[in-house]
Amino acid sequence: MAFQYNGGSIVGMSGDNCVCIASDNRYGQQLHTISTDFPKIFKITDKIFIGLSGLATDIQTVLNKIKYKVNMYELRENRKMSPKCFKTMVSNLLYERRFGPFFAEPVIVALNDDGTTMLCGMDCLGAAESPKDYVVAGTAANEMHGLAEAYWRPDMPAEELFECVSQTMLSGCDRNAASGWGATVTIVQKDKIITRKLKARMD
Amino acid sequence: MTEYIIGIKGKDFVLVGADQTAARSVIVYQQEYDKIYPIGKKTAMAVCGEVGDTNFFQESIAKNIALYEMRNGYDMTPNEAACFTRHRLATSLRSRKSYMVNLLVAGYDDIEDKPELHLIDYLAADIECPYGAHGYGAMFTMSILDRHYNKDKPPTREEAIALFQKCCDELQRRFSINLPVFRLKIISKDGIEELPIVKAKAFA
């Protein structure tokens with residue numbers, strides 16, 4: 001119930017030395033939509049992006065805690081956090097609240113220094129899995145699983161990966177009442193990051 | 001939930017409105033209750049929710065923001081005030097004492113030269129929006145705001161007040177709780193200004 005209160009969905013996929021992550025833009029309270037400009041993708045470093053789905057207050061609290069820890073790491077160690085380290089940090093952060101968890105499910109997409117991709121999905125307790133194809137989270141997760149499975153192929157170039165993720169997100173949200181009102185899609189490549197806003201069924 | 005607070009952002013001002021009813025169960029104690037409190041020179045907070053929590057939380061935030069100004073020598077911007085309020089509410093959510101308050105933090109940011117309106121619900125989810133409302137009344141009036149508010153050409157003062165009047169009239173027509181009079185405040189770079197009381201005129 002806590003996961004469905006505000007709505008929201010995330011999908012992340014990996015391609016040929018590029019990763020793509022998308023979220024819907026809806027922020028609501030059960031059946032009432034409050035805002036249609038609430039993307040749930042956040043940039044951590046130039047190479048790491050995190051999408052958070054679930055209860056909006058916990059999305060914001062977890063994001064603030066993550067930003068704090070990443071900033072302190074960068075100040076202490078004088079270097080950027082690696083994706084593997086970031087994934088472990090987020091997992092631990094969530095598990096610290098094992099018996100009173102944050103109702104937020106992260107999806108992490110990242111590019112390692114050597115150009116390989118990292119894709120990771122976690123539940124609200126920090127159980128992380130790094131599949132090589134795609135990760136979906138949020139209220140429209142079930143709807144998006146079918147599409148992501150069908151559209152994904154290994155080593156897709158950036159533009160094709162963008163199409164794949166966009167179609168998965170749009171079709172998934174079309175069929176889910178708690179997600180939608182457009183999508184925000186970000187492709188992360190070695191030398192550039194492109195963010196696009198898509199118009200979907202505006203309901 | 002039966003209280004109503006609303007904020008509408010203009011080009012260089014924010015309009016904050018609230019009903020003036022102080023009621024418990026079926027009795028109305030007062031129809032002149034001010035729910036919009038100044039928390040800085042150019043920031044105000046409209047609060048609705050659990051009786052007692054509203055007053056306590058609002059005072060606590062206002063005094064802490066005043067302390068920040070004393071310590072640092074400058075005001076908190078509306079964004080900072082909203083962030084601070086959200087953090088306080090989020091920390092208290094999973095503690096022994098949680099506050100059941102829905103609020104609007106509205107203000108004029110002198111540094112960026114723009115108005116800001118933050119909608120924070122009782123679970124401490126903060127969203128910056130061009131217009132927003134809390135309470136059952138929001139379900140009736142958000143669609144009016146969607147229809148008449150133009151994001152590319154934000155309303156002038158007169159247009160915003162007319163929009164607010166439309167919302168009040170709609171509440172009088174369709175909402176079963178009687179909210180006859182509303183308090184209106186405008187926050188711009190000149191500070192917080194109180195406007196004349198707005199009466200719902202649906203059956204005038």
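**Surface patch**

I started on the outside: B:Met1, B:Tyr136 and B:Met139 make up a nonpolar surface patch with about 310 Å² of accessible area together. For my own record, patches take residues with over 30% relative accessible area and no salt bridge, joining like charges within 9 Å and nonpolar side chains (Val, Leu, Ile, Met, Phe, Trp, Tyr) within 5 Å. Areas are Shrake-Rupley with a 1.4 Å probe, and for residues only the protein chains shown count as cover.

I looked up B:Met139 and found it in helix H3 (residues 136-148) of chain B. Helices (H or I, at least four residues) and strands (E, at least two) are DSSP runs numbered from the N terminus. B:Met139 counts as partly exposed at 49% relative accessibility; buried means under 20% relative accessible area, exposed over 50%, partly exposed in between (1.4 Å probe, protein chains only).

**Ground rules**

I'm noting that this is a predicted model, where local features need pLDDT of at least 70, side-chain atom pairs count only at pLDDT 80 or more, and totals for chains, interfaces and linings use all residues. Residues are numbered from 1 along each chain as its sequence is written, chains are lettered from A and ligands numbered from 1 in the order in which they are written, and side-chain values use heavy atoms, with hydrogens and water left out.

**Salt bridges**

How many salt bridges does the structure hold over all chains? I get 23, each being a side-chain nitrogen of Lys or Arg within 4 Å of a carboxyl oxygen of Asp or Glu.

I picked out B:Glu128 and B:Lys9, whose side chains meet in a salt bridge at 3.0 Å, N to O. This pair links distant parts of the chain, 119 residues apart: B:Glu128 is in strand S9 (residues 126-128) and B:Lys9 in strand S1 (residues 5-9), both of chain B. B:Glu128 is partly exposed at 36%, while B:Lys9 is buried at 14%.

Next I checked B:Lys35 and B:Asp19, another salt bridge at 3.0 Å, N to O. B:Lys35 sits in the loop between strand S4 (27-30) and strand S5 (36-38) of chain B and B:Asp19 in strand S2 (residues 13-19) of chain B, so the pair ties together parts 16 residues apart in sequence. Both B:Lys35 and B:Asp19 are buried.

Then I went to B:Lys41 and B:Asp75, a salt bridge whose closest N and O atoms are 3.8 Å apart. B:Lys41 is exposed at 54%, and B:Asp75 is partly exposed at 30%.

Last entry: B:Asp34, B:Arg183, B:Lys185 and B:Glu194 are joined into one network by salt bridges that share partners.
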